[in-house]
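Work through the exercises below with the sequence and coordinates open. Try each task before reading its solution.

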Amino acid sequence: MKAFVSQALQGALQQLHAQGSIPGIPAALELDRPKQVEHGHLASNIALLLAKAVGRKPRDIANDIVAALPASEWIARTEIAGPGFINFFLRPAAFHAVIHRVRTEKERFGANRNGAGQRLQLEFVSANPTGPLHVGHGRGAAYGASLANILRFNGFDIFCEYYVNDAGRQMDILAASVYLRYLEAAGALPWPFPENGYRGDYVGEIAAHLREQVGDRLQHAAAGLPNLPEMSDGDIAIDALIAHLKQSLGADYRTLHSAGLDEILADIREDLEGFGVHYERWYSERSLMDTGAVDAAVAALEKAGHCYTQEGALWFRATAFDDDKDRVLRRDNGAYTYFASDVAYHAEKFARGFTHVIDMWGADHHGYVPRVKAALRALGLDDQQLEVVLVQFAILYRGTEKVSMSTRAGEFVTLRELREEVGNDAARFFYVLRRADQHLDFDLELAKKHSEENPVFYIQYAHARVYSLLRQAAEKGLSLPSADGVDLEILQESREIALADALWRFPEVVATAARDREPHQIAFYLRELAAAFHTYYNSTRILVEETPLRHARLTLCLTVAQTIANGLRLLGVSAPEQM
């Protein structure tokens, strides 16, 4: 709809420019939707923008623009309001056109080619494989997958990736925790399980599976175990245990390490697949070490003169690139930091030829943004090609009671448990009901309600209602509309025009949701469209005896259902035909 009015407006401005009335034509014309339809369907402030350059009153310029507007089958009339706004009132034919468009484009209605030729890499979730995914990870999963769908619908070439942190200290702590449970199962643990180990029940299950595979083969490392309870610092104690296991087990330490990693990573993969979240690649941090990519990235920073050694550690001079302090790349014991791996990983992303990279991190990682961007600039890369979206925490409520979470202690609601309780559809939808950078309160009780209070049920019910109409018509022996031959001009009632107007907004919302990285815009739009449809359904008899009117109204309803289905698909939510 905006395109029709914009084209007419461009024609008027070109005529005035040719006459010398205005010095030039703006590259982009902004058309807004007035809050009340009484003020028009669209409005432009172009006269106010031109006033200074022309040296005339905006209302006078607006009058000239209106007089120069070419004849249009879509524009019924115009009105100049306030200091010089031009309000456009459209004919019903403009709204009938969108009904025809939806029927023609079907699943592609709302899609565009704005991102054609741009290859984007999206990295999201990337939780340490030290335990099952919890409800906090679910928000990043739903947001990332929905954003990927929306960007693809806007013509971008999207490559989704999960970065597997399989080489760091947390994985060593998991391995040590599994080993202690392995000893405990044999009655060979000499002291209580340490507080700073991973204490979830899943660790005991992994240890039991390990014992089934290797029997007592690893038990010899229990000899000479450091006495953890005697150590006042828990981190020093766990590090001493890790060092002992690596030395005592030798090559078998990889067996121990892999026992936890492989089982948890398989569980994460299965959980995300079941949640409708798919990746083109699962990228191993360990592979960066094995291929020498971390060595190469650090060497490149050193060669460029951006590193220095202090107290045996290698530092990156991040402050030279606007970070608040310098960062350690390699510790005094020779081990690389997580940051070194991050540098190598991001350098490798751009080496693969992505035009833009979007990282979705938990809000607690906000401090990592300037250091990674600093490293990219130091490597001669364009840090503006890296975009970081910070995803705030999801707080789970059961009624009015907040559900506490502690990953290390194993006290948390898993994503799988959430999905089983409320269903994938409710989980996917509720997770994207807010901007990613806003805290989200997830109301379990609301997500399970079958009423208009539950937004996903309310939207799905609108879709199902359309198909209920078709079933009712078939049961009554009434004919259904065909793809062609429906007289849409019969649709003249204000609610019908309003519903068609709502359909026109969908392509606009899709484009802005992609531009702003905001899937919640789709969710909000669908709720408004569903509300407009329910109002129409409740106030208008659709299955009338008059065949032309019935066909026109059913066609309008079918286009609403198609648009709802398209929007829900972008959010990873189903569109049931019966509820």
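**Exercise 1.** How many bridges join strand S2 to S4, and do they run parallel or antiparallel?

*Solution.* Some ground rules come before the count. The model is predicted: local features need pLDDT of at least 70, side-chain atom pairs count only at pLDDT 80 or more, and totals for chains, interfaces and linings use all residues. Residues are numbered from 1 along each chain as its sequence is written, and side-chain values use heavy atoms, leaving out hydrogens and water.

Step 1. Strands are DSSP runs (E, at least two residues), and helices likewise (H or I, at least four), numbered from the N terminus. Two strands pair if DSSP finds at least two bridges between them.
Step 2. S2 covers residues 42-44; three bridges join S2 to S4, and the two run antiparallel.
Step 3. Ser44 stands opposite Ile86 in S4.

**Exercise 2.** Describe the pairing of S3 with S4 and the cover of S4.

*Solution.* Step 1. S3 (residues 75-81) pairs with S4 over six bridges, in the antiparallel sense.
Step 1. Ile80 stands opposite Ile86 in S4.
Step 2. Three residues separate S3 from S4 in a hairpin, and Gly82 in the turn has a positive phi of about 55°.
Step 3. S4 spans residues 85-90, and five of its six residues are buried (under 20% relative accessible area, 1.4 Å probe, protein chains only).

Note on methods: Buried < 20%, exposed > 50% of the residue type's maximum accessible area, 1.4 Å probe, protein only.
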